[in-house]
Amino acid sequence: MKRHQVILSAGVGLGLLLLFLFLGPEMRSVRDGGWGPGIFRKWAQGPGQGPGPGDPILKIPGPSPDPLAGLPPSPLNAFLQPGLTPRQQTDIVGQLLLDYWNNLHTLPSGTWEETRAALAGANAKRLVFVEPGHPAIARDAFRAAADASGIHIHVISASGGSFQLIYDGPDRQPFTEDDLIRNFPDDLEF
Amino acid sequence: MNPLPCPGLLTRRQFLGASACSGMGTAGLLHTILALRGLNAQTIDSLPADAPYKALVCVFHYGGNDSNNLLIPRAASAHQKYLANRTVIGLPLSGILPLDSLNDSGLELGLHGSMSGCQALYNQGNLALLANLGTLIAPITLADYRNRTAAIPDNLFSHSDQQIAWQTSASSMNAAYNQTGWGGRLAESLMEGQERQSISMLISLSGTNFFQVGKTMLPFRPGPGGTPTFKLGQSSRSQDVTRYAAFRSILDAEHANLMEDAFSDLSNKSIIEADTINAALQGTGSFPTLPNTDLGNQLRTVAKFIQAAGPLGMRRQIFFVSNGGYDLHGDFIAPHAQLLGGVSGALKGFYDALASIGMTNAVTTFTASDFNRTYDSNGRGSDHGWGGHYMVMGGAVRGRRIYGSYPDPDILAGNNPLDTGRGRWVPTLGVDPYAATLAKWFGLPGSRMRDVFPNIGNFDPDIGFMNA
């Protein structure tokens, strides 16, 4: 080994020693006898344990989940927006059914499963008005959320495109006094 | 000078040849048309000269009658299933009237507790029930319905579409038929058998309907007490008499305009018909057995027309009456009992009225409705269904019997062979054979059945509930 190589090796070794002497206590936590936040222990333990149950950070409300997240475009997506009035909701459902009638000259009717299937493409032209898994048609009526009031269809004339929408109101029960009944067309007599 | 040759023009020889051929062909075609018209005239004149008077009366329940509560299982186990499925709209055993006979499967069935009038008619043999009947194009199974492997009536579960399907006995597959009703077509088929053709064979006591619309015939629509009077002609004031005479002379005049001519002709006929009918109705009874309800009063007027049929020269008449309010999605038990009680009282009163003038064997009354309703409840009432139960009443009815098969009253098990969902029954009897059985009794020959019922070839045309 030449002289300059010996000097270089000794320098590197000395540097590493000094680095350990100065930073070592910083990398050990106070609990472990060091002066720092305990990086050694954290490395050894893997991911952190997170805040405890009483941690105030947990009391800060997080952002509301977006009801439309991940949904393909659909005329019923707007129906899921929070804060709509029953009238606005029935307007959206009514427009969907009018679109259905304009395309097919009939209206979906029967059991809710048959209605849902017809809207999802089981119709004469195989037109998909609402994706089969759309949350607005998941239960027994059009609902903006699982526990929200429902909108039921009452078909008066499928071939004539006239129907009623019954918003079942706070009691979640159609055909009761707290319902909102909308006629399509407005001057429908039945 | 020779004419210039013109391509495409015939020579005289060609023209004469073509004319001769065309003449011969036309003569054959004309002869065939004339022969067919003669044949048609012969078939139209189908009623024998001495054919006795007959009338059909359609009682239409608008809104979809829940006939699951009209004809109800009474046997203990079946009634338990009925209650378990119908929940809040089920009737207790004590609220079901017994019938004297079982159905064809040996099942004990009963009538709604408010229908004592119909119960009496049934047990006397003057009323029959038809179980699970509905609009069909051809017989169909549940699998056919689910897989769409058979023709299904258009727009099931839709009020007006199913009313039209009932009344026209046609679907979009029968384009030539779906603008007319089977009552209208039946009347037109038998029109030549009528002595007086100025008065329509079709009479509606309940406004316009599809049932009585024919290709050329329309129903006569009198008011509740008979015919609407032409007020000007009834007044004795000299001024009105002069006006009336002037009006009639205007109507009698010839008009150059076709519309004016047609209007005058129609107005004249209406005035003459009204005068004739008013005169004939004056001597008819008041029929106190009929209740003073809307339906009762409609049937009272029908009884008056039937009593006046002889003086009016009518040998066949088809009446239409109706009541509504059956679309009971919400509050159910009390309103439905009131409706069925009203129908029962009116039918019994009508039968007794006909008995008082000796016409029970000449008149057959039948019920119809948009559809039956769901067997399960929506929590308060019931929703739109399909196959249901109906009544036929009259002296010519083979009564005290329930025709057709009653659905298994259990839809909770999940394998009910007639349940399309929520107890919407696939009908096992069609409207077509129901109507065709009535039409056959009315005098429609078998050769003309298809003219009135386009799909009758798909069914056995006679259910057998009418005597010959």
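The following conversation goes through some features of a predicted model and the terms used for them.

Visitor: How are residues, chains and local features treated here?

Guide: Residues are numbered from 1 along each chain as its sequence is written, while chains are lettered from A and ligands numbered from 1 in the order in which they are written. Since this is a predicted model, local features need pLDDT of at least 70 and side-chain atom pairs count only at pLDDT 80 or more, whereas totals for chains, interfaces and linings use all residues.

Visitor: What makes residues of chain A and chain B count as in contact, and how many are there?

Guide: Two residues are in contact if their C-beta atoms, placed from the backbone, lie within 7 Å, and by that rule 17 residues of chain A are in contact with 16 residues of chain B. On the chain A side, α4 (112-119) and β2 (150-157) each supply at least two residues, and the largest share, three residues, comes from β2(A). Helices (H or I, at least four residues) and strands (E, at least two) are DSSP runs, numbered from the N terminus.

Visitor: What classes of residue make up the side of chain A that touches chain B?

Guide: That side has six nonpolar, nine polar and two charged residues, where Ala, Val, Leu, Ile, Met, Phe, Trp, Tyr, Cys and Pro count as nonpolar, Asp, Glu, Lys and Arg as charged, and the others, Gly among them, as polar.

Visitor: Why are α3(B) and α12(B) called oblique to each other?

Guide: Helix α3 (residues 116-123) of chain B and α12(B) pack at an angle of about 45°, with their axes 7 Å apart. Angles under 35 degrees count as roughly parallel, over 145 as roughly antiparallel, 65 to 115 as roughly perpendicular and the rest as oblique, and therefore α3(B) and α12(B) are oblique. The contact includes B:S116 and B:L121 of α3(B) as well as B:S344 and B:Y351 of α12(B), and its residues divide into five nonpolar, four polar and one charged.

Visitor: What makes B:N155 and A:F175 stand in the buried class?

Guide: B:N155, which has its place in the loop between α4 (142-147) and α5 (159-168) of chain B, has 24 C-beta neighbours inside 10 Å and therefore counts as buried. A:F175, found in the loop between β3 (162-167) and β4 of chain A, has 21 other C-beta atoms within 10 Å and so is buried. Most residues other than glycine have a negative phi, yet phi is positive at about 65° in A:F175 and near 50° in B:N155.

Visitor: How do you know that β3(B) and β4(B) pair?

Guide: Two strands pair if DSSP finds at least two bridges between them, and β3(B) and strand β4 (residues 109-112) of chain B pair in the antiparallel sense over three bridges. B:L97 has B:L111 in β4(B) as its bridge partner. The open sheet of three strands has the order β2-β4-β3 in chain B, with antiparallel pairing.

Visitor: Why are β2 (71-73) and β3 (96-98) of chain B called edge strands?

Guide: Each of these strands of chain B pairs on one side only.

Key:
Axes are lines fitted to C-alpha atoms, for helices over the stretch in contact, and angles run from 0 to 180 degrees between N-to-C directions. A residue is buried if 20 or more other C-beta atoms lie within 10 Å of its own, exposed if 12 or fewer, and partly exposed in between; C-beta atoms are placed from the backbone.
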